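Visitor: Walk me through this one, please.

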Amino acid sequence: MRTYLSAALSAVLLVLLTLLVPFAALSAWVDLELDDTDRYLAAVSPLASDAEVQDTVAALVTDEAMKKIDLGPLQDTAEQFLHETALSFTRTEAFRRAWDSANRTAHQAVTASLHGEDGQAVTIELAPVIEEVKKELVDDEVPFADQIPVVETSITLLSADRADELRSSFRWLRYCSVWPAVGTVVLLVLVAGLAFVRGGRRAGLTTVAVAGGGLVLGALLLRITVAVGRDRVLDQVPGTDRGGAAAVYDALTASLRTTVWIVLLAGAVLAVVGVVGRVMTGRRA
């Protein structure tokens, strides 16, 4: 009877940890990073140097500008020149400042969309970038530069439909904050401690091994969740925006992927220590 009870408790612990790890990591991520403007900007600011983002921005700026410019037989030449100029601009300090400013506004849209009542698409507005490109061309005395319109042009990060789907989940994660992570650590310490006290070394080591397995499975489930979330978010992003949106998503979830490796390593160590310790204890007995 005692053996069956021990096996049942081990199974419960394994399932609890498998589910708690991704839930704890996601709730802490939403509260500490996604909701925090400074951390959000720290994650996406380096993307100003990302080739995918630069190409996406240059293409969007060029496409929008060429809608208002008609140079007849010189149209293709002007478009190529404008694209090269826009791409060159994305490598400047002025672009980095414009990118940070645009993302600060985008973060407000993220929080409003995910925590508000009505769903709206989350975008990065590129009008300031177009304005800077136009200014640079005008300063270089390019003939058609003054015809470039400074209009709303944006990279879609999250469609309105996806925001509606995610809102309730994000509210719960935000409400839970870091407490699921704290609870997971407390659960590990208490269960392992009780196992050592009540059942002795062999029972304690078995619990440690089971806990390690639960952490490994939880880390793998978290990685799958991040990957599935990426596919679902990008699924409704327009094709022209997908490269830039993917880069932003990957930057924002980088800490989650790091968490996966940390938890995976910790779980593997606990599992090995528990199994090896139990084998060594059995031999000594």
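Guide: First, a term: helices here are DSSP runs of H or I with at least four residues, strands are E runs of at least two, and both are numbered from the N terminus. By that naming, Ala163 lies in helix α7. The model is a predicted one, where local features need pLDDT of at least 70 and side-chain atom pairs 80 or more, while totals for chains, interfaces and linings use all residues. Residues are numbered from 1 along each chain as its sequence is written, and side-chain values use heavy atoms, without hydrogens or water.

Visitor: Okay, Ala163. Buried or exposed?

Guide: Ala163 is buried, at 0% relative accessibility (buried is under 20% relative accessible area, exposed over 50%, partly exposed in between, with a 1.4 Å probe and protein chains only).

Visitor: How far apart are the C-alpha atoms of Ala163 and Pro22?

Guide: They're separated by 20 Å, and the two residues are 141 apart along the chain.

Visitor: What else is buried in α7?

Guide: Besides Ala163, you'll find Arg162, Arg167, Phe170, Leu173 and Cys176 buried in that helix.

Visitor: And how many residues does α7 have?

Guide: It has 17, running over residues 160-176. From its first C-alpha to its last, α7 reaches 24 Å, close to the 24 Å expected (1.5 Å times one less than the number of residues).

Visitor: Where is the kink in α7 centred?

Guide: On Leu166, with a kink of about 45 degrees (the angle between axes fitted to the seven residues ending there and the seven starting there).

Visitor: Switching to rings. How many aromatic pairs does the structure hold?

Guide: Three (Phe, Tyr and Trp rings, using the six-membered ring of Trp, pair if their centres lie within 6.5 Å; planes under 30 degrees apart are stacked, over 60 edge-to-face, the rest tilted). One of them joins Phe89 and Phe95 edge-to-face, at 6.1 Å centre to centre and 75 degrees between the planes. Phe89 is buried at 2% relative accessibility, and Phe95 is buried at 0%. Another edge-to-face pair is Trp172 with Tyr175, at 6.3 Å centre to centre and 85 degrees between the planes.

Visitor: Why are Trp172 and Tyr175 about one helical turn apart?

Guide: Because they're three residues apart in helix α7. Trp172 is exposed at 58% relative accessibility, and Tyr175 is exposed at 67%.

Visitor: Which residues do ring pairs link into a cluster?

Guide: Phe89, Phe95 and Trp99.

Visitor: Last topic, helix packing. At roughly what angle do α8 and α9 cross?

Guide: Roughly 150 degrees, and the axes of α8 (residues 179-235) and α9 (residues 242-252) come within 10 Å (axes are lines fitted to C-alpha atoms, for helices over the stretch in contact; angles run from 0 to 180 degrees between N-to-C directions). So α8 is roughly antiparallel to α9 (under 35 degrees is roughly parallel, over 145 roughly antiparallel, 65 to 115 roughly perpendicular, the rest oblique).

Visitor: And what about α2 and α5?

Guide: The axes of α2 (residues 37-44) and α5 (residues 93-115) come within 10 Å too, and cross at roughly 130 degrees. The two helices are therefore oblique to each other.
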